[in-house]
Amino acid sequence: MTDSRPETPERTEGAPSAAADPAPAAADATRPGLPAALLGGVAVVLGVVVLLDAARIRAPAGQSFIGPAAFPVGVGVLLMITGGAAAAWSLRALRGVRGVRGVRGTRVERASPRPLGRVAALLGLLIGYAIVLPRLSYVLSTALLFSGAALLFGSGHRTRTLAIGVALAAAAFFAFAHGIGVGLPAGPWGF
Amino acid sequence: MDGLAQLLDGFGTALSPAHLLWALVGVTIGTAVGVLPGIGPALTVALLLPLTYRVDPASALIMFAGIYYGGMYGGSTSSILLNTPGESASIVTALEGNRMARAGRGATALATAAIGSFIAGTIGTLALSVVASPVADFALRFGPPEYFALMVVAFTTVAAVFGRNMLLGLLSLALGLAVGLVGIDVQTGQARLTFGIPQLLDGIDVVVLVVGLFAIGEALYQIYLGRAQGTVEPVRTRAWLSREEWRRSWPAWLRGTAIGFPLGSLPAGGAEVPTFLSYALERRLAWRRGEFGHGAIEGVAGPEAANNASAAGVMVPLLTIGLPTSATAAVILTAFQSYGLQPGPQLFTQSGALVWTLIASLYVGNLMLLVLNLPLAGVWARLLMIPPAYLYGGILVFSTLGVYAVNGSVTDLFVLYAIGVLGFAMRAADVPIAPAVVGLILGPLAEQQLRRALAIGEGDPRILLSSPICVVLLAVAVIVVLVPALRRLLRARGDRTRARAPR
């Protein structure tokens, strides 16, 4: 089963929009289910990966009645079925056939354009944090993480945000490193 | 009765100053994270799991249970004052609660939520104390085939009740099961889905999955939405009820409890369905029908009682069978496991004192929550004044810290981000998160039971249907999956005939 299976276009265009789900009708109408279609596709790919990995496993002979590969095969199949069905179903909704309740996609109200750009920026910030953390000490890198994230989330005051970031990072460092004894990277200056 | 004596012993231990303090810390943190949007009890317990290395089991479990109960109380505050549910079980509360707050009756709504939560939580805990031992005794008869069947039921019902439809629930479950496969197979030592990365041999830690799906996924989703914060309704008066409001609230509390506890204790999990049912019931019963939608107190009292009663109900399968039916319960199960304890009937025979201490602490925690929430309602409301930019900055700081602290490794952070992106995609696609968490934690256990069962049956799969209990349970699982599909098929056919009909 693949996610690119063509949907049966048997539904009549302009069927009366279903009374099934009155809630977010407006949101449904704009972009029904593109994320669900993508996620479904990813799940199918993941299912293939799980199955390939299961095929690679060599069960030690005479171990037990079902080996280490059996359960993964089930999971892989489940991933492919559910992912494929979700993708097919949301793609059908995407084609603008009304009357089919689509998977609710993105919401309509957006404060500013390029929402995926903001997501990428935040993700980049997080990745950068993981890279600098062992090198730049916990307090410094965490203060940068907090301030960067807060600014991305629309915090107006730069200096205040930075000050809160430093205070929070320092408090977390002393509570966890000294209080609980979690090993956190410290710079040459000791924090 | 034996159980009563054990419960009294449990109170003896739970009322020691140290345990009282842990309970107080737990319910306070629980209320706070329940109030704050974007962070909930499952995430919080996951972040605090490292505590299990340093604290004795009773203290940690008392605190985690307190967080669970506290989250149920706190969730109502943000629903009522901000119209943003702090917790999925408080979605319905926002319907009437926020209307009440806008009409200047926020304090009343908070009071009926808090008192209702207390009454429902106490009755629920009482019911838990009564049914726990008999259920555990019954579960003693379960063998691997029965456990496997039960877990299949839990998988299907969790997929069915969380989120908007079965398909997306199953998709979420499958993703969680797949993540649960990563690592070394315990029975044969084979590496699965590790792709040659040595850090993956130990499997993906529950903390990483829960924090990634909930915290990172939520932060990415919120920045994607770019939503500004809603308006927080001020609390003008003291949180209390007038005589008339008492009269209208208490039947709703009791009805909510009656719906919440049984549904919570079925292996069907989740507090959401009971709250929806309670709301629908109150709405139908209200003879002031016109008031619903404009701030009817019953619409807050019933669902809030239902979600606390179901929180107590969820403890029944968790403690007696070892079956978690909500994300938080799944994480609490992990806490048990990290002490080498496996919830289930054996827990009652081997660690009876611990179980009864935990149950006793639930009574205590509920009382603390009432005291914390009634006079201090205004203080909790202040938490909502934290600008979302700082809130999400803080969430990111503590979630990365919590994950880094598990192994002190940066690799975990990258795994965390990958799962966070998955969580973001799931939110955008409206796929519920809880089934994935349950799948990750219950999946390996289900596999173990399946393999044990087949070993007993010497490879014959008919062992899975060897007892009436198994047959009934697996039939339930099949029905749970098929009924929504059938209904959709019928509805689609109805649509088609309607579409053909002349306009």
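The model is predicted, with local features requiring pLDDT of at least 70 and side-chain atom pairs counted only at pLDDT 80 or more, while totals for chains, interfaces and linings use all residues. Residues are numbered from 1 along each chain as its sequence is written, and chains are lettered from A in the order in which they are written.

The contact between the chains (C-beta atoms, placed from the backbone, within 7 Å) draws 67 residues from chain A and 58 residues from chain B. On the side of chain B that touches chain A, at least two residues each come from α7 (166-181), α8 (206-225), α16 (388-407), α17 (410-428), α18 (434-456) and α19 (468-500); helices here are DSSP runs of H or I, at least four residues, numbered from the N terminus. The most is given by α16(B), with 11 residues. By class, this side of chain B holds 39 nonpolar, 9 polar and 10 charged residues, where Ala, Val, Leu, Ile, Met, Phe, Trp, Tyr, Cys and Pro count as nonpolar, Asp, Glu, Lys and Arg as charged, and the others, Gly among them, as polar.

In helix α14 (residues 352-373) of chain B lies B:Val355, which counts as buried because it has 26 C-beta neighbours inside 10 Å. Leaving aside residues up to four places away in sequence, B:Val355 touches B:Leu319, B:Leu347 and B:Phe348.

Conventions: Contact = placed C-beta atoms within 7 Å. Buried ≥ 20, exposed ≤ 12 C-beta atoms within 10 Å, placed from the backbone.
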